[in-house]
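Here is a short report on one protein model. Please read it with the structure open.

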Amino acid sequence: MSSEFSVPVTHVSSRDNALIKDLRRLSQDNTAYRKQGRVWLEGDHLCRAALARGLKPAMAVFSESFWPFAHAEWAQAAIKNIVISDALLPEISGLESPARMGFVLELPAAPPLQANVASVILDRVQDAGNVGSILRSAAAFGFGQIIALKGTAALWSPKVLRAGMGAHFALRLVEGVEPEALDALTVPIVVTSSHHGSFLHQQPIPMPCAWAMGHEGQGVSDDLMARATLKVRIDQPGGEESLNVAAAAAICLYASALVLS
């Protein structure tokens, strides 16, 4: 198949190859993307999501057994193609069943915070699955910016990428933010709380706004609570004390989306 395409192809069979070592770090180290300035997208779903947003991978990686059957769409997508022996797949995967292909993207340049964009503020949300799920909800419900305060799970880490299911490519991702930087926002900050504020279904929600989602155990910090324009609670007639932060985010962001519909 490789002879049919103009994209260069390199075959790799050694686990000591420098590229394999780099991919291993990208797939298994949550902050390796910051050191390498690259992101590893494992599996066709994430790869397809990146292409749908017009991104050009620096590299496409295929297993040896999959390469002869790879669609032209994949084989022509990247600047160069790497074909690795099947035995190396576990070396570059964070999954129990490694995917047969993936892309390496250049890490997007860190964008400045935009003051007037509908946003989600993540205040030390530490579980990667929660963070990725919130990113998916933000993209689905028209929130264009994620503001991750220091202490939040790394946004481009492998687990967050997988949980985000491609939402990363639809969002403006601002990481490592100090609470003081939020003073530049011109949209109101809306904070969720288990014990304070009006019930969400009884409270008009300003839009655009910046929803603040807090630490899984501690909730939103006092510093951020003091910056809130509005505090709301989610009614729980079943009697539970609190909701998972990703579930709460989905409910709140959907409520905001209804304002625009």
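In helix H5, the buried residues are Ala128, Asn130, Val131, Gly132, Ile134, Leu135, Ser137 and Ala138. Buried means under 20% relative accessible area, exposed over 50%, and partly exposed in between, with a 1.4 Å probe and protein chains only. Helices (H or I, at least four residues) and strands (E, at least two) are DSSP runs, numbered from the N terminus.

This is a predicted model: local features need pLDDT of at least 70, side-chain atom pairs count only at pLDDT 80 or more, and totals for chains, interfaces and linings use all residues. Residues are numbered from 1 along each chain as its sequence is written, and side-chain values use heavy atoms, with hydrogens and water left out.

H5 covers residues 128–140. Its 13 residues reach 18 Å from first C-alpha to last, close to the expected 18 Å. The expected span is 1.5 Å times one less than the number of residues. At the start of H5, a side-chain oxygen of Asp127 comes to within 3.0 Å of the backbone nitrogen of Gly129. Gly142 follows H5 and has a positive phi, near 85°.

The buried residues of H5 pack against S6 and H8, among others. The table lists further partners. Contact means heavy atoms within 4.5 Å.

| Partner of H5 | Residues |
|---|---|
| Strand S7 | 145–149 |
| Helix H6 | 158–164 |
| Strand S8 | 172–177 |

## Ser119 in strand S6

Ser119 lies in strand S6, residues 119–123. Is Ser119 buried or exposed? Ser119 counts as buried, because its relative accessibility is 0%. Leaving aside residues up to four places away in sequence, Ser119 touches Phe143, Gln145, Ile147, Cys209, Ala210 and Trp211.

## The nonpolar cores

A nonpolar core is a set of buried Ala, Val, Leu, Ile, Met, Phe, Trp, Tyr and Cys residues joined through side-chain atoms within 4.5 Å. The largest has 74 residues, and Leu41, Leu122 and Trp211 touch the most other members. Helix H8 (residues 245–260) gives the most to this core, with 7 residues. A second, separate core has 16 residues, including Val174, Val191, Ala210 and Val220. In soluble globular proteins, nonpolar side chains tend to be buried together.

Terms used: Polar contact = N/O pair within 3.5 Å; in protein donor to acceptor, adjacent residues only side chain to side chain.
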